[in-house]
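Hi there,

Here is the structure I promised to pass on to you. Have a look at it first, and then read my notes below with the picture open beside you.

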Amino acid sequence: MYSFVREPKWIAGHILTLLLLTAFMGAGIWQFGRHQARSERNDAVLDRSKDEVLTEDDLFGANSDIEFRLVQLKGFWSTEDAVLIRNRSQKEAAGCHLAIPLVGDVSRATLVTVGWLPQSSCDGYKFEAPPEPVSLTGRVRLSQERGAIGSRDASTGVLTSLARTDVGRIDQQVPYPLASVYVELITSEPEVVDAFPLEPPPTDVGPHLGYAVQWFLFFAVGIVGYPLVLRRHAHKGEAENLGPVEG
């Protein structure tokens, strides 16, 4: 009855079905993992924003436990060391981030992403800061690193724009040590009027759970449906072998 399952064309079908089922399950697990990671990140954003406000001293020798915590800084903008971070969108518009070191102590500084610029303003932009000291509140973020793919920044020389907010790379071209993390500006006195305020980190869970459910449903359809296909073909073949019933 099921002898046909050993035929070459059906063996190929078994292998293809197995590969598809494996892919569906793997994609579902991956999307569910992304959902969990997003939820944990959202919890960190919300919980750490309620912790005690940090100071400049807390940023030096910092670790990942302070990401998303608030910090208050004072100092002077080092406008000659300002850089642009390319390919940064805001409200679906293309642009860049403006990052400027804030010198709080004569021997050290903190890189601050002060805002977003539209793409038309990114080329050849030069920030002019007021001469008076600045007092600001910001959100701590970890230095960004290149993943498996992505643009590479030159490892030497002075860069005026970078592919990512790489504090270590910017530290190479400024005359004072930078904190190992950077800060996203929330408010400052005096205000930075040249750039648009940055959007806060999103805290929605995103579409990953829905995608995971879809992939698991595809798996369920395949794991139930393929045996039914085999069963139907087997019964069809058996009926054909019996031939018409004589009266």
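**What I found**

Pro190 sits in the loop between strand 7 and helix 5. Please keep in mind that this is a predicted model.

Let's stay with that proline for a moment. The peptide bond joining Glu189 and Pro190 is cis, with omega at about 0°. Most peptide bonds are trans, and most residues other than glycine have a negative phi. Ser188 itself belongs to strand 7, residues 178-189. Ser188 has a relative accessible area of 10%, which is under 20%, so Ser188 counts as buried.

**Two residues with a positive phi**

Phe68 is not a glycine, yet its phi is positive, about 75°. You can find Phe68 in the loop between helix 2 and strand 1, and with a relative accessible area of 4% it is buried. Asn87 also has a positive phi, near 55°, and is a residue other than glycine. This one is in the loop between strand 2 and strand 3. Is Asn87 buried or exposed? At 63% relative accessibility, Asn87 counts as exposed.

**The disulfide**

The structure holds one disulfide. Cys96 and Cys122 form it, with their sulfur atoms 2.1 Å apart. Cys96 lies in strand 3 and Cys122 in helix 3 (residues 119-122), so the bond ties together parts that are 26 residues apart in sequence. The torsion about the S-S bond is about -110°, and therefore this disulfide is left-handed. Cys96 is buried at a relative accessible area of 2%, and Cys122 counts as buried at 7%.

**Salt bridges**

How many salt bridges are there? The count comes to seven. Here are some to look for.

Start with the side chains of Glu56 and Arg108, which meet at 3.7 Å, N to O. This pair links distant parts of the chain, since Glu56 is in helix 2 (residues 56-59) and Arg108 is in strand 4 (residues 108-118), 52 residues apart. Glu56 is buried, with a relative accessible area of 16%.

Next, the side chains of Arg141 and Glu67 form a salt bridge at 3.1 Å, N to O. Arg141 is in strand 5 (residues 134-142) and Glu67 is in the loop between helix 2 and strand 1 (70-77), so parts that are 74 residues apart in sequence are tied together. Both Arg141 and Glu67 are buried. They also belong to a network of salt bridges that links Glu67, Arg139, Arg141 and Glu184.

Then look at Arg86 and Asp153, whose side chains meet in a salt bridge at 3.4 Å, N to O. Here too distant parts of the chain are linked: Arg86 is in the loop between strand 2 (83-85) and strand 3 (95-105), while Asp153 is in the loop between strand 5 and strand 6 (161-162), 67 residues apart. Arg86 counts as partly exposed, at 29% relative accessibility.

Now turn to the surface. Ile29, Phe32, Leu209, Val213, Phe216 and Leu217 form a nonpolar patch there, with about 510 Å² of accessible area together. Which helices supply at least two residues each? They are helix 1 (8-48) and helix 5 (208-242). Helix 5 gives the largest share of the patch, four residues. Phe32 is found in helix 1 and counts as partly exposed, at 34% relative accessibility.

**One more loop**

Last, find Pro177 in the loop between helix 4 (167-171) and strand 7. Its relative accessible area is 43%, and Pro177 is partly exposed. Pro177 and Ser120 are 57 residues apart in sequence, and 32 Å apart in space from C-alpha to C-alpha.

Enjoy exploring, and send me your questions.

Best wishes

Notes: Residues numbered from 1 in each chain as written. Predicted model: local features only at pLDDT ≥ 70, side-chain atom pairs only at ≥ 80, totals over all residues. Heavy atoms only, no water. Salt bridge = Lys/Arg side-chain N within 4 Å of Asp/Glu carboxyl O. Buried < 20%, exposed > 50% of the residue type's maximum accessible area, 1.4 Å probe, protein only. Patch = residues over 30% accessible without salt bridge, like charges linked within 9 Å, V, L, I, M, F, W, Y side chains within 5 Å. Areas by Shrake-Rupley, 256 points an atom, 1.4 Å probe, with all protein chains shown as cover. Disulfide = S-S within 2.5 Å.
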